[in-house]
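Grab a pencil and open the model in your viewer. Try each exercise by yourself before you read its solution.

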Amino acid sequence: MIYTVTLNPALDYVIQVDHFQAGQINRTKEEHMYYGGKGINVSNILAELGYTSTALGFVAGFTGEELEHGLQKMSVHTDFVHVEKGRTRINVKMKSDKETEINGMGPQVTALDFSRLLAKVSQLKGGDLIILSGNIPQTMDANSYHRILEAITANVDIVVDAEKDLLLKILSFHPFLIKPNNIELGDMFHVSLKKEEDIIFYARKLQTMGARNVLVSMAGDGSILVDESGEVHKLGVGKGTVVNSVGAGDSMVAGFIAGYLDKKDYAYAQKLGTACGSATAFHSGLATKAQIDEIFHTL
């Protein structure tokens with residue numbers, strides 16, 4: 001079974017406003033509601049690719065109920081911890097002459113709430129896969145990912161898509177996959193990475209620290225994968241116009257996992273991951289299977 005963990009999921013209210021003016025009444029030209037959060041994005045793309053996953057994390061209030069029911073309708077299983085205080089956040093993402101985001105706070109997760117999440121992950125079985133995505137909310141301990149992984153006693157595959165210190169702290173658990181971008185990779189080692197050789201060098205350094213496969217995304221320059229056998233795979237991006245930066249990295253993670261489960265081949269996994277990430281970037285919401293297939297055949 002595949003599990004995704006989103007500690008602070010959200011309803012993403014995405015609106016289009018022509019020439020937004022501060023201090024004035026502005027009317028939306030277009031609006032959409034999405035079930036957001038990095039792990040949830042992964043679950044949604046996995047569902048598009050035919051893989052069932054269970055979304056873990058915290059929900060609260062009527063917004064949490066909407067998120068949970070919406071995901072279930074989209075063939076994503078849910079096993080959230082229901083928090084008493086606060087409500088699942090609403091993030092407003094406005095597309096106009098400039099992109100603007102206003103992100104909500106989310107519920108107040110207590111120590112008891114977190115212990116209930118740890119109890120859920122402690123039930124994972126050998127052969128399961130868990131994906132930890134995104135940053136840890138400020139209201140939670142910075143070592144929350146470490147505690148989640150400590151609670152797992154079975155031999156499971158671990159995927160982590162997080163920034164800098166969060167990622168470095170979990171390498172001792174030997175994650176199956178980590179996906180920093182080239183900027184994040186440089187920040188981890190306080191260097192500026194401008195050459196492919198440098199990116200490969202520091203990706204290998206993450207492997208010596210515990211990571212098995214390191215997938216480095218490089219925006220319009222494609223990606224570099226250093227797999228656990230030491231082989232280096234380089235791949236460009238699909239052809240299209242970027243209209244959406246939200247969820248592209250999550251889509252790449254989902255595609256990589258689905259591709260590896262399909263073929264047990266890292267080059268194929270990178271290709272499907274690239275197709276998923278590109279397809280999401282080229283459309284207003286998360287990519288559909290048809291959009292992914294269209295990009296895949298051009299790579």
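The exercises below cover helix packing, aromatic pairs and a few loop residues.

Before you start, note that this is a predicted model, where local features need pLDDT of at least 70, side-chain atom pairs count only at pLDDT 80 or more, and totals for chains, interfaces and linings use all residues. Residues are numbered from 1 along each chain as its sequence is written, and side-chain values use heavy atoms, with hydrogens and water left out.

**Exercise 1. Work out how α8 and α9 pack against each other.**

Step 1: know what to look for. Two packed helices are described by the angle between their axes and the distance between the axes.

Step 2: get the numbers. Helix α8 covers residues 248-263, and helix α9 covers residues 266-281. Helices here are DSSP runs (H or I, at least four residues), strands likewise (E, at least two), numbered from the N terminus. The axes of α8 and α9 come within 7 Å and cross at roughly 150°. Axes are lines fitted to C-alpha atoms, for helices over the stretch in contact, with angles from 0 to 180 degrees between N-to-C directions.

Step 3: name the arrangement. That angle makes α8 roughly antiparallel to α9. The cut-offs are under 35 degrees for roughly parallel, over 145 for roughly antiparallel, 65 to 115 for roughly perpendicular, and oblique for the rest. The crossing of this pair is right-handed; a crossing is right-handed if the near helix is turned clockwise from the far one by less than a right angle, and left-handed if anticlockwise.

Step 4: look at who touches whom. Among the α8 residues in the contact are Met 252, Phe 256 and Tyr 260, and the α9 side includes Tyr 266, Leu 272 and Cys 276. Contact means heavy atoms within 4.5 Å. By class, the residues divide into 11 nonpolar, 8 polar and 2 charged. Here Ala, Val, Leu, Ile, Met, Phe, Trp, Tyr, Cys and Pro count as nonpolar, Asp, Glu, Lys and Arg as charged, and the others, Gly among them, as polar.

**Exercise 2. Which aromatic rings pair up as stacked, and which as edge-to-face?**

Step 1: search the whole structure, and you get 7 aromatic pairs. Rings of Phe, Tyr and Trp (its six-membered ring) pair if their centres lie within 6.5 Å; planes under 30 degrees apart count as stacked, over 60 as edge-to-face and the rest as tilted.

Step 2: take Tyr 260 and Tyr 266. Their ring centres are 4.9 Å apart and the planes sit at 15°, so this pair is stacked. Tyr 260 counts as buried at 18% relative accessibility, and Tyr 266 is buried at 11%. Buried means under 20% relative accessible area, exposed over 50%, and partly exposed in between (1.4 Å probe, protein chains only).

Step 3: now take Tyr 268 and Phe 296, an edge-to-face pair at 5.7 Å centre to centre with 65° between the planes. This pair links distant parts of the chain, with Tyr 268 in α9 and Phe 296 in α10, 28 residues apart. Tyr 268 is partly exposed at 23%, whereas Phe 296 is buried at 14%.

Step 4: zoom out. Phe 176, Phe 256, Tyr 260 and Tyr 266 form one aromatic cluster.

**Exercise 3. Is His 19 buried or exposed, and what is its phi?**

Step 1: find His 19 in the loop between β2 (10-16) and β3 (30-36).

Step 2: read the backbone. His 19 has a positive phi of about 50° although it is not a glycine.

Step 3: check the surface. With a relative accessible area of 55%, His 19 is exposed.

Step 4: move on to Phe 20, in the loop between β2 and β3. Phe 20 counts as partly exposed at 39%. Leaving aside neighbours within four places in sequence, Phe 20 is in contact with Asn 26, Met 94, Ser 96 and Asp 97.
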